[in-house]
Amino acid sequence: MQPIMTAEKIMAMLDREFPQIHAGGRVYSIDRVSAGEAVVRLSASDVHLRPGGTVSGPSMMSLADLAAYVVILAHIGPVALAVTTSFNINFLRKPEPGDLLGTCRLLKLGKRLAVVECGIAGEGDEDLVAHATATYSVPPR
C-alpha cells in the first residue's frame, strides 16, 4: 500500500482546511509518510504540560488522532470529510516534556472505513508512552 500524497501536500492541506491546529503556534509537523505508515511530531511546549511536568493526556490524544488522519490521507488523497468514528487510547507511562512522535500504521483501509493504530513515544525513545487505535469513516468518492 503506497502513499498517494506526500507529507508536504498533506501539511499544505491541513494548513488550508484546519488552520486551527496551529492556533497556539506551529507545534505539529509530519516527519515521514511511507507505505502504510506516517510519523507526526508534537513539539510540546508549556501549554501541553500538566502539573507534575508531564505532557497532558489531551495533547497525546490530539497527536494520535492527527497522526491517524495523516496516514489515512496519505493513502486515500485529500478527503477533508474523513472523520473519526471510534478512538481508544491507553496511557502507558509518564511522558517527559519535549517532542513526542506519533507513529501510525494502517491496519485496514476499506471503501468506507479505515482502522489505524498509533504508538506515541518520546523522540529517541523506544518505550511507548501511549498506544491508540482509531477508526475513521471514509466518505464515498
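Biologist: At what angle do the axes of helix α1 and helix α2 cross?

Modeller: This is a predicted model, in which local features need pLDDT of at least 70, side-chain atom pairs count only at pLDDT 80 or more, and totals for chains use all residues. Residues are numbered from 1 along each chain, and side-chain values use heavy atoms, without hydrogens or water. Helices (DSSP runs of H or I, at least four residues) are numbered from the N terminus; an axis is a line fitted to C-alpha atoms over the stretch in contact, with angles from 0 to 180 degrees between N-to-C directions. The axes of α1 (residues 7-17) and α2 (residues 57-76) come within 10 Å and cross at roughly 120°.

Biologist: Which term describes how α1 and α2 lie to each other?

Modeller: Angles under 35 degrees count as roughly parallel, over 145 as roughly antiparallel, 65 to 115 as roughly perpendicular and the rest as oblique. The two axes cross at roughly 120°. Helices α1 and α2 are therefore oblique.

Biologist: Which residues of α2 do Ile-10, Met-13 and Leu-14 in α1 meet?

Modeller: Contact requires heavy atoms within 4.5 Å. By this rule, the three residues of α1 meet Leu-66, Tyr-69, Val-70, Leu-73 and Ala-74.

Biologist: In what order do the elements of the chain run from the N terminus?

Modeller: The chain has two helices and eight strands, a strand being a DSSP run of E with at least two residues. The order is α-β-β-β-β-α-β-β-β-β.

Biologist: What percentage of the 141 residues count as buried?

Modeller: Buried means under 20% relative accessible area, with a 1.4 Å probe and protein chains only. Of the 141 residues, the buried share is 44%.

Key
Buried means under 20% relative accessible area, exposed over 50%, partly exposed in between (1.4 Å probe, protein chains only).
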